[in-house]
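Welcome! Take a moment to turn the model around on your screen, then read on for a short tour.

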Amino acid sequence: KVKAARDNLVTARLADWAEILEGDAMETLAEIFDVDMLYLDGWAGFYLSVLKVVEQNLRPGALVHADDVGKFARSAAPYLEYVRSPGSGYVSVTLGDYQGFELSSWIGRSAD
């Protein structure tokens with residue numbers, strides 16, 4: 001799957017702009033800096049944990065796309081509560097069909 005995804009980036013002429021990372025997200029993503037977009041599509045119960053690993057490295061205006069938040073509403077609930085809460089640093093909206101996805105933009109937290 002990783003090879004196919006990388007080949008698709010080359011075919012789409014996006015290989016210079018995007019990167020496919022292979023491995024445990026909690027380890028791999030902790031080492032990535034200046035993140036412009038984070039796509040979450042896997043076990044919805046891990047979305048919040050993965051976001052928190054990456055959050056310190058999100059650039060202002062970075063987009064976070066969480067897939068299947070309607071389909072897996074129960075396990076996605078902690079993630080959704082976090083990105084929708086006032087003061088979280090996100091502007092967030094749910095889009096899509098019954099499977100739903102949450103599109104959030106990191107605006108940063110204001111200093112107290």
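In this predicted model, the buried residues of helix H3 are covered by several other elements, including helix H2 (25–28), strand S1 (35–40), strand S2 (58–67), helix H4 (73–84), strand S3 (90–95) and strand S4 (101–106). Let's begin with that helix and then step back to the whole chain.

**Helix H3**

- Helix H3 runs over residues 47–55, and seven of its nine residues are buried, so it is largely enclosed by the rest of the structure.
- The buried residues of H3 are Tyr47, Leu48, Val50, Leu51, Val53, Val54 and Glu55.
- "Buried" here means that a residue has under 20% relative accessible area.

**Overall fold**

- The protein chain contains four helices and four strands.
- The C-alpha trace spans about 40 × 35 × 25 Å along its principal axes.

**Contacts and burial**

- Across the protein chain, 32% of the 112 residues count as buried.
- Among contacts with a separation of 6 or more, 53% are between residues 24 or more positions apart.

**Surface and charge**

- The protein chain has an accessible surface of about 7600 Å², and carbon and sulfur atoms make up 56% of that.
- There are 10 positive and 17 negative charges, and their mean positions lie 4 Å apart.

How values were computed: Residues are numbered from 1 along each chain as its sequence is written. This is a predicted model: local features need pLDDT of at least 70, side-chain atom pairs count only at pLDDT 80 or more; totals for chains, interfaces and linings use all residues. Side-chain values use heavy atoms; hydrogens and water are left out. Helices (H or I, at least four residues) and strands (E, at least two) are DSSP runs, numbered from the N terminus. Buried means under 20% relative accessible area, exposed over 50%, partly exposed in between (1.4 Å probe, protein chains only). Contact means heavy atoms within 4.5 Å. Accessible areas come from the Shrake-Rupley method with a 1.4 Å probe; for residues, only the protein chains shown count as cover. Lys and Arg count as positive and Asp and Glu as negative; His and the chain ends are not counted. The place of a charge is taken as NZ of Lys, CZ of Arg, CG of Asp or CD of Glu.
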